[in-house]
Amino acid sequence: MCPPDPLNPLDALLAPITRALAEGAAALDRDARFPFENFALLHRHGLIAEVVPRAFGGGGAGLATARRIVAAVAAGESATALVLTMTYLQHRSLAREGTRWPEAQRREVFESAVRDGALINALRVEPELGTPARGGLPSTVARRTASGWRLSGRKLYCTGIPALRWLSVWARTDEPEPRVGVFLVPRPDGSRERPDRPGIRVVPNWDHLGLRASGSHEVILEDIDLPFGNAVDIRPLHEWAPAGTGQRDNDAHIEQQAWMSVLLGTLYDAVARAGLDWLVAFLNTRVPGNLGAPLASVARVQETVGEIATLLHVNQRLLDAAAAAADAGQPDDDIASGALKFTVTGNAIRALELALQLSGNHGLSRHNPLERHHRDVLCSRIHTPQNDTILGAAGRRALAAFQESV
C-alpha cells in the first residue's frame with residue numbers, strides 16, 4: 001500500500017486514529033478486554049458504515065478504500081480491525097446486486113450501522129460441525145412456529161460478540177428435508193451497559209494466543225423467536241454447493257472470497273508492518289558496547305531487514321492488484337484468492353519470525369510490541385480457507401489442467 005498522503009482526506013483522518021488505537025493496544029491484549037472505545041471512535045468518524053451503500057447513508061466504499069481503512073486500524077490494534085473486517089464483509093455481501101435478503105432486514109442492518117455504528121458478524125462454527133466451509137449440516141436448528149421460527153444452538157468463535165448488534169446465524173430448519181442458511185438475530189440490548197436479550201447467553205471463554213481483545217467467545221442460543229422475514233437466506237443444502245449455485249450466486253461467492261482474502265491479508269500484513277516499524281527503530285537506537293555503533297550498521301542485519309521489506313513489498317503489490325481488480329468488476333477466482341491469502345499471510349508470519357531473530361530477547365519481551373504482533377499474525381493460519389484447503393484446490397486444478405491437455 002502506498003505511504004500515507006497527508007493531503008489525502010482519508011489518510012489525514014486515519015493517521016491519528018492509528019496512533020490512538022496503538023496507545024491502548026497492549027493493555028487490551030494483556031487483559032483480553034473488548035475495545036468498546038475503539039469502535040466508538042471509529043463510529044464518530046463514520047468508518048463503521050464506510051462500506052454501506054450511499055443510498056442508505058453510508059460511504060459506498062469499494063475494496064481498495066476498505067483495505068486502506070483496515071490497514072490503518074490493524075496497524076494500531078489488530079482485534080479492532082478483525083471485528084471491523086467482519087462487519088465490512090457482511091455489509092458488502094448485502095450491498096451486492098441480487099442479494100437474497102429481504103429488503104426490510106437489509107435496510108435495518110445498513111441504517112443501524114450509519115446511525116449507531118452497529119456491528120454485524122456471521123456465527124457459523126459449532127463444536128461438532130467445525131467450520132461449515134468443510135461441509136455438513138449445522139446442529140443449530142430453527143423450528144417453525146405459528147409466527148415464524150424458534151432458533152436454538154451453540155456457536156464457537158463468535159468474533160465481536162460483546163458488541164454485535166446483529167448475529168447472522170448459520171442454521172438448519174426442522175423440516176423433513178432441512179433447508180440451511182442464515183437467520184438474522186437482532187440484539188438491540190447487547191452492550192456492556194445493558195443486559196443481553198433473552199435467549200442469547202455468552203460464555204466468556206476466549207483466552208487465546210493472539211487477537212485476545214476480539215471477544216471471540218462461545219454463544220448459546222436458547223429458543224429465540226424470530227419472524228418469518230428473519231430467515232433471510234435459507235435453501236436446500238445442495239444449493240449451497242458450488243455445483244448447485246446459479247451464475248449469480250457463483251459470481252457473488254467469487255467476489256466475496258476476493259474481499260475476504262484481501263481484507264484479512266491486509267490485516268495481517270499491517271500487523272507485520274507495525275512489527276517492522278518497531279524493529280527499525282530498535283535497530284537504529286540499540287548500540288551494543290562491543291560494537292560501538294547501532295545494530296542497523298551491521299551488514300547481516302541490513303540483509304535480514306531487506307528480506308523482511310521484500311516480503312512485505314510482495315504483499316503490497318498482490319493486495320493492491322487484487323483490490324483494484326475487484327473494484328473493476330473482475331475479482332480473482334477462488335484459486336487465486338486462496339493463493340493470495342496463503343502467500344500474504346505466510347509472508348507476514350515469516351517477516352515477524354525474522355524480526356524476532358534480529359531482536360532476540362528484546363523482541364520476546366512483553367515490554368515491547370513485537371511479541372504481541374507475532375502472536376497476532378499466527379492467527380492468520382486459522383481463518384477460512386485454511387492452507388490445506390487452499391493448496392489442495394490449487395493442486396487439483398493444476399493436475400486437471402494436465403489431463404485436459406492430453
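1. In which helix is the place of glycine 338? Glycine 338 is in helix H8, which covers residues 334–359. Helices (H or I, at least four residues) and strands (E, at least two) are DSSP runs, numbered from the N terminus. Glycine 338 has a relative accessible area of 5% and is buried. Buried here means under 20% relative accessible area, exposed means over 50%, and partly exposed is in between, with a 1.4 Å probe and protein chains only.

2. On the basis of the model: this is a predicted model, in which local features need pLDDT of at least 70 and side-chain atom pairs count only at pLDDT 80 or more, while totals for chains, interfaces and linings use all residues. Residues are numbered from 1 along each chain as its sequence is written, and side-chain values use heavy atoms, with hydrogens and water left out.

3. On the surroundings of glycine 338: leaving aside neighbours within four places in sequence, glycine 338 is in contact (heavy atoms within 4.5 Å) with Ser261 and Ile390. Alanine 394 is 56 residues away from glycine 338 in sequence, and the C-alpha to C-alpha distance is 8.4 Å.

4. On glutamine 257: this residue lies in helix H6. Its relative accessibility is 18%, so glutamine 257 counts as buried. With neighbours within four places in sequence left aside, the contacts of glutamine 257 are Asp334, Ser337 and Pro385.

5. On the record: UniProt, in an unreviewed entry, places the feature "domain: Acyl-CoA dehydrogenase/oxidase N-terminal" at residues 19–99. UniProt positions are given in the numbering used here, feature names are shortened, and annotations may be inferred rather than shown by experiment. In the model the span 19–99 is 67% helix and 0% strand, and its end C-alpha atoms are 37 Å apart.

6. On the nonpolar cores: a nonpolar core is a set of buried Ala, Val, Leu, Ile, Met, Phe, Trp, Tyr and Cys residues joined through side-chain atoms within 4.5 Å. The largest one has 86 residues, and Tyr88, Leu151, Leu167, Phe183 and Leu279 have the most contacts inside it. Helix H6 (residues 247–285) supplies the largest share of this core, 15 residues. Another core lies apart from it and has 17 residues, including Val52, Phe110, Trp166 and Val180.

7. On leucine 151: not counting residues up to four places away in sequence, leucine 151 touches a set of residues that includes Thr140, Val141, Ala142, Val169, Ala171, Phe183 and Val185. Leu221, Glu222, Asp223, Ile224 and Leu226 are also among them.

8. On strand E4: this strand spans residues 164–173, and eight of its 10 residues are buried, so E4 is largely enclosed by the rest of the structure. Two strands pair if DSSP finds at least two bridges between them. Strand E1 (residues 119–123) runs parallel to E4 and is joined to it by five bridges; leucine 123 stands opposite valine 169 in E4. Strand E2 (residues 141–144) is also parallel to E4, with two bridges, and alanine 142 stands opposite threonine 173 in E4.

9. On E4 and E5: strand E5 (residues 179–186) runs antiparallel to E4, with seven bridges between them. A hairpin of five residues joins E4 to E5. The bridge partner of tryptophan 170 in E5 is valine 182.

10. On the aromatic pairs: rings of Phe, Tyr and Trp (its six-membered ring) pair if their centres lie within 6.5 Å; planes under 30 degrees apart count as stacked, over 60 as edge-to-face and the rest as tilted. Eight aromatic pairs are found in the whole structure. The rings of phenylalanine 34 and phenylalanine 36 have centres 5.0 Å apart and planes at 65°, so this pair is edge-to-face. Phenylalanine 34 counts as buried at 7% relative accessibility, and phenylalanine 36 counts as partly exposed at 21%. Ring pairs link Phe34, Phe36 and Phe39 into a cluster.

11. On the tryptophan pair: tryptophan 170 and tryptophan 240 are edge-to-face, at 4.9 Å centre to centre with 75° between the planes. The pair links distant parts of the chain, 70 residues apart, with tryptophan 170 in strand E4 and tryptophan 240 in the loop between strand E8 (231–236) and H6. Tryptophan 170 counts as buried at 6% relative accessibility, whereas tryptophan 240 is partly exposed at 27%.

12. On charges over these rings: a charge sits over a ring if NZ of Lys or CZ of Arg is within 6 Å of the ring centre and within 35 degrees of the ring normal. The charged end of arginine 124 sits over the ring of tryptophan 170, 4.5 Å from its centre. Arginine 235 lies over the face of tryptophan 240, 3.9 Å from the ring centre.
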